[in-house]
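Trainee: Could you walk me through this one? I'd like to hear how each label gets decided.

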Amino acid sequence: MAIVNEVKHIFEPNPLACGQAVLSMLSGADVYDIISIVGTERETTLKDMKSALTALDIKFCDTRVEVSQKQDLPPIALLSLETPKCWHWSLYMGGKFYDPEYGVLDDFPPSNRRYYWKIEP
């Protein structure tokens, strides 16, 4: 499955499915199909996310990179953010943050620590 050319934002279908929503936005697949691929509608681990990216045939760099500023991000990135509540997945693409909890943003969603994995176009 290819990466979408234009992201269609979706909110997470439940408060624990941010990873599934991010994968849905990135691939264009229905979020419930992504839930089936991941195997859970609850929290997703890094292992879950990498396995789903592989199943979706989406190439990614396996190196986790800490980031603090938007300009240091690659064109497409899977983000792992330490929020006040928990760790959270988000998507950066085309200069925008597509967050399944907060919506489409011009800057990072609220977070203390931020990491990314580069998605290969």
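Predicted model: local features only at pLDDT ≥ 70, side-chain atom pairs only at ≥ 80, totals over all residues.

Trainee: Is C18 buried or exposed? And what makes C86 count as partly exposed?

Mentor: Buried means under 20% relative accessible area, exposed means over 50%, and partly exposed is in between (1.4 Å probe, protein chains only). C18 has 8%, so it is buried. C86 has 39% relative accessibility, so it counts as partly exposed.

Trainee: Where is H88 found, and why does it count as buried?

Mentor: H88 is in strand β3, residues 87-93. Helices (H or I, at least four residues) and strands (E, at least two) are DSSP runs, numbered from the N terminus. H88 has 3% relative accessibility, so it counts as buried.

Trainee: What joins the side chains of H88 and D99?

Mentor: A polar contact of 2.8 Å. The term takes a pair of N or O atoms within 3.5 Å; within protein, one must be able to donate a hydrogen and the other to accept it, and residues adjacent in sequence count only if both atoms are side-chain atoms. Leaving aside neighbours within four places in sequence, H88 is also in contact (heavy atoms within 4.5 Å) with residues including E12, C18 and L79.

Trainee: Now helix α3. Which of its residues are buried, and how do you know that they are on the same side?

Mentor: In α3, residues 46-55, the buried ones are M49, A52 and L53. They cover an arc of only 100° around the axis, which puts them on the same side of α3. That arc is taken from the directions from the helix axis to the C-beta atoms. K47, T54 and A55 are exposed on the other side. The buried residues of α3 pack against α1 (18-27), α2 (31-38), β2 (76-82) and β3.

Trainee: What about the largest nonpolar core?

Mentor: A nonpolar core is a set of buried Ala, Val, Leu, Ile, Met, Phe, Trp, Tyr and Cys residues joined through side-chain atoms within 4.5 Å. The largest here has 25 residues, and L26, L78, L91, M93 and I119 touch the most other members. α1 gives the largest share, 5 residues.

Trainee: Last one: why is the pair of Y92 and F97 called tilted?

Mentor: The search finds 4 aromatic pairs. Their ring centres are 4.9 Å apart and their planes at 55° for Y92 and F97, so that pair is tilted. Rings of Phe, Tyr and Trp (its six-membered ring) pair if their centres lie within 6.5 Å; planes under 30 degrees apart count as stacked, over 60 as edge-to-face and the rest as tilted. Y92, F97 and F108 form one aromatic cluster.

Note on methods. Residues numbered from 1 in each chain as written. Heavy atoms only, no water.
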